[in-house]
Amino acid sequence: MQVYDSAVKQTPVISQLKAIYASRGLLRLLIARDLTVRYKRSVIGIWWSLLNPLFTTAVMFYVFNTVFKSRLPTGQSFLPYLLSGVLLMTLFNQGLTMGADSVASGAGVLTKVYVRPEIFALSSTISSAINFFIGLIPLTAVLLISGQTPTWKFPLIVIVVGCMTLFSTGLALLLAIAYINFDDSRSLITIFLMALQYMTPVFYPISVLGPHTKRVILLNPLTSYLQVFRDVFGANAVATFHEWLMMGGSAIALFLIGFVVFLRQWPKVVAKL
Amino acid sequence: MSSEKIVEVTDVKMAYRRTRHRVSSLKQTAIETIKRRMEYEEFFALNGVSFEIARGETVSVIGRNGAGKSTLLKVVARVLPPTSGRVIVRGHVAPMIELGAGFNPELTGAENIMLYGTLLGRSVQQMKSRIEAIGDWAGLTSHLDVPIRAYSSGMVARLAFATATDETPDLLLIDEILSVGDEDFREKSAARTVEMMNSGCAVLLVSHDLEAVKKMSSRAIYLENGAPKVFGTPEEVVQAYLADVHH
């Protein structure tokens with residue numbers, strides 16, 4: 001029989017992770033809900049989610065192609081470089097904002113029935129990941145059109161997406177706490193996200209940067225995700241071992257930090273929902 | 001087994017820290033902190049509440065609006081962690097508080113039954129096997145494949161009620177004895193609630209219906225400003241409450 005004792009502290013991370021694993025049935029239903037609500041009932045369905053990244057890519061390609069095309073190393077192609085950047089940043093942004101929102105605006109559920117709120121954040125980031133995999137279809141088409149072929153490293157994309165899911169879940173949990181505490185944190189976050197976007201080599205090749213700027217950009221963990229993704233997908237970048245390490249390390253670190261901070265803060269903020 | 005304690009609430013306090021001038025933005029917080037003007041005051045929504053409920057017992061909570069009744073339900077439902085004190089709940093809880101939490105208008109009736117039941121802590125397998133029975137009891141069998149945004153509000157309420165009451169829990173939390181839908185369904189749902197309350201589970205009932213409190217509960221608590229003012233038999237508690245209200 002399950003026993004709830006409010007005096008037992010909820011901090012041990014492992015037991016909480018186990019609780020989340022035990023709720024995987026609910027997690028699956030929530031993911032199905034997210035995807036159903038987004039696609040099934042709209043006329044163009046699943047393609048809707050691709051409209052935004054494809055259109056953004058088209059505009060950026062039109063504007064930047066002449067400037068940056070020649071700056072990529074030989075063998076790399078600007079269009080797949082650009083689209084892979086846009087798709088991965090969409091995955092990050094979407095997972096982060098939807099994950100934070102699903103917790104911060106979950107008052108209708110989270111203050112009525114007992115559910116681990118982390119499950120709501122996870123369902124958003126995982127459904128964004130599924131979205132991303134759908135986006136790989138046009139990306140593959142663009143790759144082939146550009147005269148490239150996917151490399152043998154192709155299956156390693158799963159690792160990139162897994163790391164990104166952990167990374168954005170951790171950040172989403174931190175963001176949810178900020179959203180609940182401060183009404184105006186949303187607009188600040190929007191500014192921060194925009195800055196982060198420009199500090200990530202989405203549409204410019206790293207080689208165009210000056211030595212100092214380059215060092216700063218390489219410190220941004222998102223850069224490592226992009227580098228690794230472009231490397232494993234179509235060899236439009238060369239990811240160093242250091243970048244693999246940074247990707248995996250930042251994923252685990254941010255997930256754990258977000259999770260631990262959330263576990264401590266949630267009891268204090270839930271009354272404000 | 002009838003003496004088995006399902007709920008043990010010991011000296012529970014629920015404090016909200018609120019700022020004298022309501023501050024909810026980062027900008028304001030920064031300014032106020034620099035000016036050293038952040039003044040907090042503690043406000044107790046619950047202040048030293050203790051009681052136990054054994055299996056088969058019904059404990060009622062009465063009091064004015066804002067006395068802390070709903071907060072108490074949420075603390076026992078595990079939604080709000082108490083600031084101090086201790087809450088122990090043994091077994092499965094069915095919170096009948098604002099039914100239909102998590103209902104999504106874009107999902108079909110069947111999908112909402114699945115999601116809502118699972119949110120209430122039941123397993124996916126169990127819910128799958130119960131969809132038809134729940135839809136049937138709600139009288140919505142022919143509507144289960146339709147998104148509930150096409151339902152009337154009464155139909156949504158019926159679906160929520162039927163899902164929430166599909167299983168007899170160890171502890172039932174009731175915020176007013178609900179009767180939903182049209183006349184037929186009102187009777188049916190009220191009857192089912194009473195049936196559940198009499199099924200041998202523990203019940204924590206919050207109600208303004210003093211007659212129902214007297215009729216159905218084993219003991220009652222009269223809450224005032226978060227603190228238990230009178231605790232005892234339903235008759236004496238209701239009498240004390242009425243005496244206060246009429247003065």
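User: Let's start with Val61(B). Which residue stands opposite Val61(B) in β8(B)?
Analyst: Val61(B) stands opposite Ile221(B). Before going on: this is a predicted model, where local features need pLDDT of at least 70, side-chain atom pairs count only at pLDDT 80 or more, and totals for chains, interfaces and linings use all residues. Residues are numbered from 1 along each chain as its sequence is written, while chains are lettered from A and ligands numbered from 1 in the order in which they are written.

User: OK. In what sense do β3 and β8 of chain B pair?
Analyst: Parallel, over five bridges, with β3(B) covering residues 58–63 and β8(B) residues 219–224. Strands here are DSSP runs of E with at least two residues, helices are runs of H or I with at least four, and both are numbered from the N terminus. Two strands pair if DSSP finds at least two bridges between them.

User: And what is the bridge partner of Ile221(B) in β9(B)?
Analyst: Phe231(B). β9(B) spans residues 227–232 and pairs with β8(B) in the antiparallel sense, again through five bridges. Together β8(B) and β9(B) make a hairpin with two residues between them, and Asn225(B) in the turn has a positive phi of about 50 degrees.

User: Zooming out, how many helices and strands does chain B have?
Analyst: Eight helices and nine strands. Of its 247 residues, 45% count as buried, where buried takes 20 or more other C-beta atoms within 10 Å of the residue's own, exposed 12 or fewer, and partly exposed is in between, with C-beta atoms placed from the backbone.

User: Are the residues of β5(B) buried or exposed?
Analyst: Buried, all of them: Val93(B) and Pro95(B) point one way, Ala94(B) and Met96(B) the other. β5(B) runs parallel to β6(B), residues 171–175, and four bridges join them. Within that pair, Ala94(B) has Leu172(B) as its bridge partner.

User: Now the two chains. How many residues are in contact between A and B?
Analyst: 29 residues of chain A are in contact with 35 residues of chain B; contact means C-beta atoms, placed from the backbone, within 7 Å. On chain A's side, α2(A) gives the most, with six residues.

User: Which strand of chain B does β1(A) pair with?
Analyst: β4(B), residues 84–90, in the antiparallel sense over three bridges. There, Asp5(A) stands opposite Ile88(B).

User: Switching to α3(A). Where is its kink centred?
Analyst: On Tyr62(A), with a kink of about 45 degrees. The bend at a residue is the angle between axes fitted to the seven residues ending there and the seven starting there.

User: Which residues of α3(A) are buried?
Analyst: Ser49(A), Pro53(A), Thr57(A) and Met60(A). They pack against α2, α4 and α6 of chain A.

User: Why would residues a few places apart point the same way?
Analyst: An α-helix has 3.6 residues a turn, so residues three or four places apart point the same way.

User: Last one: which residues touch the most other members of the largest nonpolar core?
Analyst: Ala176(A), Tyr225(A), Val76(B) and Leu173(B), out of 139 residues. A nonpolar core is a set of buried Ala, Val, Leu, Ile, Met, Phe, Trp, Tyr and Cys residues joined through C-beta atoms within 7 Å. Leaving aside neighbours within four places in sequence, Ala176(A) is in contact with Ala100(A), Val103(A), Ala104(A) and Ala121(A).

How values were computed
Two residues are in contact if their C-beta atoms, placed from the backbone, lie within 7 Å.
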